[in-house]
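Biologist: Please take one part of this model and look at it closely. I would like to know what packs against it and how. Then widen the view to the rest of the chain.

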Amino acid sequence: MPQVKIIAKNFMDMVASLPAMKLDKLYDNAFICEAILRSLPPLAKKYVLQMLYIDEPVLATSIHEWVLADGESKHTVAVDRLVQLRVFIETVDRKKGTTYRLNTKFQINLQKHIVHGGVLPREPMPSTITVRLPSLEDLEAYAAEQWELMDTNAQLWYIIREYITNSEERGVDTADLISFLLELSFHVTGEAYNMNTLTDIQRNVIKDLADLGLVKLQQGRKESWFIPTKLATNLSISLSDLSSRKQGFVVVETNFRVYAYSSSKLLCEILRLFSRVEYQLPNLIVAAITKESLYNAFENGIMAEQIITFLQQNAHPRVAERIPSVPENVTDQIRLWESDMNRVEMTPASLFDEFPSRDVFEAACDFAREYGGVLWEDSKKMRLVVKAEILGQIREFLRR
């Protein structure tokens, strides 16, 4: 049965593409819940925080009333992302309509994390031997040495995507690997962490990440340590800390025109990756972001969040202090055009029909929907198509 599948174009897409049960498993970790919250679009964050202490399902029509009329596109993007990540559990009631509630695990752990905080279970290197630690400049140079100059993120994402995709062949659970990688975003760049606090699988992952420049290994007399670089905390561009902004040079207008006040030929080539460069003066590059230029970027492995973050991080001082520094209609459209690139692919499925009663049919639909396994349903003829991965669970449910 055809289904639109999430293509892992950034780290949160990797998370969203996990099976429902593995995705729920991630939310046992409060730090992962915070990482997911950080990654959400601004309006999605607002919805989560507004519903954080609401235990009852909320009508979709009620949530829709929380935004102004001109926020329709942002509302659609926000709700879609929340459903993809199973932060929102969607229920369709034939009488009441569609409702959403927060994932129970996500809700409880995020509540606790916000109220009580927490620290990662890692043992930092004793202060008596930190004199051997590399400086932040050394770490940055070490990380950069592992990559070609152009488009480090695209190279990194290609390798990380393949690394996660093939993890189970190496005996590593995908959800556990993603959880561990997300935890790295909460470590402090330049601080050393004891390898003895990790599992054997995690230690192997750290050794692999060292080859990519995400961490640097430090060997003591009796113990080993790993030191995260900036690449580790930037695994998901949407989790990047934008507060340490450097002097920028890019101005983006609401009409999708881009003005870059620079004479750099390298910058001109970077802009060509996702926009149409119209002309270059001695100290000014003028370009336009178009649907065609973005489609070309997406097809070459450059993601919407990478483009948006580049524009935000390099905003000219005259627009850098604006909120947002890049017009929302531009960022929303970039994300929507990326969503148009989602591919269609065949998904193993099973058909259920000949239900003994409508109550049993509706109960089966609700059960399958809870696990994110509904592909298609026909309420008139009481037929249901579900993903093959939940076939065993729904058979057992119907047997009971």
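Modeller: One term comes up at once. A crossing of two helices is left-handed if the near helix is turned anticlockwise from the far one by less than a right angle, and right-handed if it is turned clockwise. Keep in mind that this is a predicted model.

The part I pick is helix α17, residues 328-339. Start with its partner α6, which spans residues 72-84. The axes of α6 and α17 come within 10 Å. They cross at roughly 45 degrees. That angle makes α6 oblique to α17, because an angle must be under 35 degrees to count as roughly parallel and 65 to 115 to count as roughly perpendicular.

Which residues make the contact of α6 and α17? On α6 they are Ser73, Lys74 and Val77. On α17 they are Glu328, Asp332 and Leu336. Sort the contact of α6 with α17 by class, and you get 2 nonpolar, 1 polar and 3 charged residues.

Now take another partner of α17. Helix α14 covers residues 291-299. Its axis and that of α17 are 10 Å apart, and the two helices pack at an angle of about 60 degrees. So α14 and α17 are oblique to each other. Here the crossing is right-handed. From α14, the contact takes Lys291, Leu294, Tyr295 and Phe298. From α17, it takes Ile334, Trp337 and Glu338. The residues of the contact of α14 with α17 divide into 5 nonpolar, no polar and 2 charged.

Stay with Trp337 for a moment. Where does its ring find a partner? A pair of aromatic rings is described by the distance of the centres and the angle of the planes. The rings of phenylalanine 256 and tryptophan 337 have centres 6.0 Å apart and planes at 40 degrees, so this pair is tilted. Phenylalanine 256 sits in the loop between β8 (250-252) and β9 (257-260), while tryptophan 337 belongs to helix α17. The two are 81 residues apart, and the pair links distant parts of the chain. Are these two residues buried or exposed? The limit for buried is under 20% relative accessible area. Phenylalanine 256 is at 17%, so it counts as buried. Tryptophan 337 has 15%, so it is buried too.

The structure holds 10 aromatic pairs. Another joins tyrosine 27 and phenylalanine 106. Their ring centres lie 5.2 Å apart and their planes stand at 75 degrees, so this pair is edge-to-face. Tyrosine 27 is in the loop between α2 (20-26) and α3 (30-39), and phenylalanine 106 is in helix α7 (residues 104-116). The pair therefore ties together parts that are 79 residues apart in sequence. Tyrosine 27 is buried, at 0% relative accessibility. Phenylalanine 106 is buried as well, with a relative accessible area of 0%. Elsewhere, ring pairs link Phe367, Tyr371 and Phe397 into a cluster.

Go back to α6 and step into the loop that runs between it and β3 (88-93). Arginine 86 lies in that loop. Its phi is positive, about 55 degrees, although it is not a glycine. Arginine 86 counts as buried, at 9% relative accessibility. Compare glutamate 354, in the loop between β13 (349-352) and α18 (358-370). Phi of glutamate 354 is also positive, near 55 degrees, and this residue is not a glycine either. But glutamate 354 is exposed, with a relative accessible area of 74%.

One more exposed residue is arginine 395, at 53%. It is found in helix α19, residues 391-399. From arginine 395 to phenylalanine 352 is 43 residues in sequence, and 9.7 Å in space, C-alpha to C-alpha.

The protein chain has 19 helices and 15 strands. Of its 400 residues, 48% are buried. Take the contacts between residues at least 6 apart in sequence: 68% of them join residues at least 24 apart.

Methods:
Residues numbered from 1 in each chain as written. Predicted model: local features only at pLDDT ≥ 70, side-chain atom pairs only at ≥ 80, totals over all residues. Heavy atoms only, no water. Axes fitted to C-alpha atoms, helices over the stretch in contact; angles between N-to-C directions. Helix = DSSP H or I, 4+ residues; strand = E, 2+ residues; numbered from the N terminus. Parallel < 35°, antiparallel > 145°, perpendicular 65-115°, else oblique. Contact = heavy atoms within 4.5 Å. Nonpolar A, V, L, I, M, F, W, Y, C, P; charged D, E, K, R; others polar. Phe/Tyr/Trp six-rings, centres within 6.5 Å; stacked < 30°, edge-to-face > 60°. Buried < 20%, exposed > 50% of the residue type's maximum accessible area, 1.4 Å probe, protein only.
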